[in-house]
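Hi there,

Here is the structure I promised to pass on.

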Amino acid sequence: MAGLIEFKLFAPRNQESALIGSFSEWEEIPMQKGEDGYFRTEVKLEDGSYQYKFRVQTKSPNFVPDEWVDVIDPYTTDINEERKYGVVRIKDGQRIVDTYVWQHDDKPLPNNHELVIYEMHVADFTDDEVDPEKRGKYTGVIEKLDYLCELGINAIELMPVNEYPGNYSWGYKVRHFFATESSYGTTEDLKHLIDECHGRGIRVFMDGIYNHTDEECPLMLIDRNYWYYEHMHYPEDPDNYWGPEFNYNNYDEKLDVKPAWKYIGDVVQFWIEEYHIDGIRFDAVRQLANFEFLDWLAKQGQIHAAPKPFYNIAEHIPDTNTVVKPDGPLDGCWHESFHYFMIPHITGEKFELERLKEVLDPRKQGYATAINTINYLATHDRQRLLRELGDRGIFDTAAFKRAKLAAVLLITAMGIPMLWMGEEFGEYQAKSESVTQPQPISWSLLAGELNHNLFEYYKKLIALRRQTPALQNGNIEFFYENADAKVLAFHRYYEWGSSVVVVGNFSDQNLNKYHIPNFPTANSWQDWFADREVEIEKDGILINLPAHTAKILISR
C-alpha cells in the first residue's frame, strides 16, 4: 500500500533545505518553507523501510555562512550512525516506529512510595551472556529479569539508551534523542524489555539527558546558536561541562515558541507514548538550572503517562530540597548526601550522630515526603562500598559484615532505596574512569559464599521493605543515641500497621546485653533476623549488638 508521507524540518533561520533518500536515488527533493519555520515536502512511498536525511544551508558558526551540510533528521526514530542517515518505516501507508504489540499494559505497577530501584548499564549488566545475540543487549536484560524479581526489585533505572556516538559509552552525550542505542538492539527489543518488566510488576525509568548534547547532534549542525547557549551556561563550573548546553531561555518572538522547550517536550512525550516508560531521571539538573522549564516538563510527563504513576527524579549534585515538591519542580532527588555521610560511618572513619540522623531522616534537610529522596550507597559515578572498604584495609568477612550494616540502613531509611548493579552481591571493581571503556559486572562472584550470603541478605531486607508500610512512609523517630558507644536506634512506624525498630552498632566492640531505655510500645517485638520474640522490660530492652551490626525488630 502506498501513502503520501510528509517529511519536515524545523529550521526557521535557515534559507533552504532539501530531502535526499534511498527513495530518490539520493537525488535532492526540494522542500518548501512555511511561515511556521518548517521546511516540508511529501513523497509517495510503498510499505517498507527507507533511508533518508536532509541537506540544509547551515546557520551554525563553525561553517561557512549558508554552507550546505547533510544532517540526520533530529526527530528520526532509527539511525544508521555509520552511514549517517535515518530510517523511516512505512506500513499501511503510515509512518511507524515498528510493529511491536504490547502485552502487559493492563498489569498494575507499584506506586512511587513502594519502589526499590536498580540502576543498570545495559551492556555491562549483560556481558556474561553466552549468546552473542544477548550479550550487551536489551534481550540479555530480559534474561536476567527473573533474577531481579527474586532480589525484589520493582523498578529499574536504565543508564542512557538514546543513540550515542560509537558502540560503547555511558551514554551521557546524546546525539539522537528519538532513537534508541542501536548497539543494544532494535526498537522492538527495547519495547519487549519494558513490556516484560511491566509483566513482572517492574517499572522502567530512563536517564534523560536534557542539559547538553553531543557536538554532532543534528541541531548543532543546523543552527547552533538557535538551540544552544552561545557560551558555557555554567562558567563557574568548568569541570562539569559535558557539551553544548540547550538554551531554555531562548524565546522566538516571531514564532511564539521556546524551541528547546518544544523539542525536549516532544522527546519526553515520544518516550512515554512510544516506549511506555514510567519515569525519568533528569541528568545534570544543577547545570541545567531552569526550574521553570523543569516544572513544565515534569507536568508534561505526568499528563502523558496518566493514569499510570510517573516519577520525575533529579540528579542534582550536591542534592537539594529546592528541586522537589512542594518547593521544587520534580518528585525526587538523588540523595548524594546519603552516600557522602553514610560511607565514612560504615568504614569507621567517623561517627557524627547529627549527620547520620540527617541522611536517615531527610526531613532534617528540608525534604518533605518519603519519595523526595533516592538513597544509595553507590552509583555509576561513585565507588562501590566494597571498594571503599578495601581501600581502607577492610576485606573479606569484616567487609561483608559492614556491607550488611549498610544494607540495613539503606533499606530502612526514609526515602526510596536504589542499588547500583552488583552492589547486592558485593561487586568491588573500582569506578570506571573512562565512559567509553566497558566494565562488566562480575557475575561469577555470586558463587562465593560471602557474596551469595549478602545477596540473600538484601533479598530478605527488600522483602521486608516491600511488605511493611512503616518503611514506605515519612515517619521516623530517633529514640536512643549514644555517641560514646556509637549506637543509634530509630523507629519507623505506620498508624495502621506494624512498626520497625532499627538498632545500629557502628563501633568495633561487641555490646552484649546492651540496655536501651524508652523502647517503643507494642504488644510484642520480634527479632527479625533471628525470628524470635524479644522480651521488653518496663525500663527498656537488653539486646546483644555485635560490632558493625544492625538489629531489626518488628512489632506484632
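This is a predicted model: local features need pLDDT of at least 70, side-chain atom pairs count only at pLDDT 80 or more; totals for chains, interfaces and linings use all residues.

Asp66 is partly exposed, with a relative accessible area of 27%. You'll find Asp66 in the loop between β6 (48-57) and β7 (68-71).

What made me stop at Asp66 is its phi, which is positive at about 60 degrees even though the residue is not a glycine. For context, most residues other than glycine have a negative phi, and most peptide bonds are trans.

Glu25 is another residue to look at: its phi is near 55 degrees, again a positive value in a residue other than glycine. Glu25 sits in the loop between β2 (17-21) and β3 (29-30). Is Glu25 buried or exposed? Glu25 counts as exposed because its relative accessible area is 65%, and the cut-off for exposed is over 50%. Asp66, at 27%, is called partly exposed because its value lies between the limits of 20% and 50%.

Then there are the cis peptide bonds. One joins Ala306 and Pro307, with omega at about 10 degrees. Pro307 belongs to the loop that runs between α8 (291-305) and β17 (311-314).

Another cis bond goes from Lys325 to Pro326, and omega there is near 5 degrees. If you want to find Pro326 in the viewer, go to the loop between β17 and β18 (332-334).

Cheers

Technical notes
Residues are numbered from 1 along each chain as its sequence is written. Side-chain values use heavy atoms; hydrogens and water are left out. Helices (H or I, at least four residues) and strands (E, at least two) are DSSP runs, numbered from the N terminus. Buried means under 20% relative accessible area, exposed over 50%, partly exposed in between (1.4 Å probe, protein chains only).
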